[in-house]
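Here are my notes for a first look at this one. Keep the model open while you read.

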Amino acid sequence: MNECDSYKQYLNQHGMKSTKQRNLLLLILKKIQEPQTAEKLYLIAKETDSSINLSTVYRVLEKFTEKKITIRTSFLDDKSVYSLYPKTHQHQLICLRCKKIVLLENCPLEAFQHSVEKSTDFSIVNHRLELYGYCRQCQKIIAAN
Ligand SMILES: [Zn+2]
Ligand SMILES: [Zn+2]
């Protein structure tokens with residue numbers, strides 16, 4: 001299976017048709033690994049496809065997020081970054097100063113989720129939790145100022 005076919009299949013699995021621009025963004029997200037802003041993804045995409053524009057990139061990313069292909073992480077200043085949806089359940093620790101994102105391996109909410117299910121009769125399928133703060137380096141910089 002060539003790369004293009006595998007994207008097509010991947011998009012189809014998520015209920016989306018493959019297009020040149022969707023495939024390209026998927027390829028970029030897979031390559032860079034780290035969460036990026038739409039603007040940054042647009043600049044990278046433009047190197048391959050000069051016809052792509054920023055609003056298309058936004059549209060594709062919104063659709064990807066809706067279909068759980070990507071996950072959008074919002075900073076408190078309204079900037080968002082996008083990355084591929086994690087294969088396993090994860091939580092993010094986000095530095096507000098340098099925008100570093102650290103993944104937490106353990107979920108602290110499982111017991112809580114079970115107790116909420118019991119008390120509300122909900123069947124909970126997912127939850128999101130992001131922790132915001134300052135990394136060690138940024139704490140030092142802030143303390144020095
Ligand atoms: Zn930091
Ligand atoms: Zn969790």
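1. Start with the largest pocket, which has a volume of about 880 Å³. A pocket here is an open set of points on a 1 Å grid over the protein atoms alone, where a 1.4 Å probe fits, with protein on both sides within 12 Å along at least five of seven lines; the volume is the space filled by probe spheres set on the points. There are 34 lining residues (those with an atom within 4 Å of a point), and I71, S83, L84, Y85 and P86 come closest to the centre.

2. A word on the basis: this is a predicted model, where local features need pLDDT of at least 70, side-chain atom pairs count only at pLDDT 80 or more, and totals for chains, interfaces and linings use all residues. Residues are numbered from 1 along each chain as its sequence is written, chains are lettered from A and ligands numbered from 1 in the order written, and side-chain values use heavy atoms, leaving out hydrogens and water.

3. Who supplies that pocket lining? Domain 1 (1-85) and domain 2 (86-145) each give at least three residues.

4. Now the zinc ion (ligand 2): its protein donors (N, O and S atoms within 2.8 Å of the metal, or 3.2 Å for Na, K and Ca) are H89 (NE2), H91 (NE2), C107 (SG) and H127 (NE2), at 1.9 to 2.2 Å. Along the chain, the donors follow the spacing H-x1-H-x15-C-x19-H.

5. H91 sits in strand β3 and H127 in the loop between α5 (110-120) and β5 (130-133), so this pair links parts 36 residues apart in sequence. Both H91 and H127 are buried (under 20% relative accessible area, 1.4 Å probe, protein chains only).

Methods
Domains from an automatic or database assignment. Helix = DSSP H or I, 4+ residues; strand = E, 2+ residues; numbered from the N terminus. Buried < 20%, exposed > 50% of the residue type's maximum accessible area, 1.4 Å probe, protein only.
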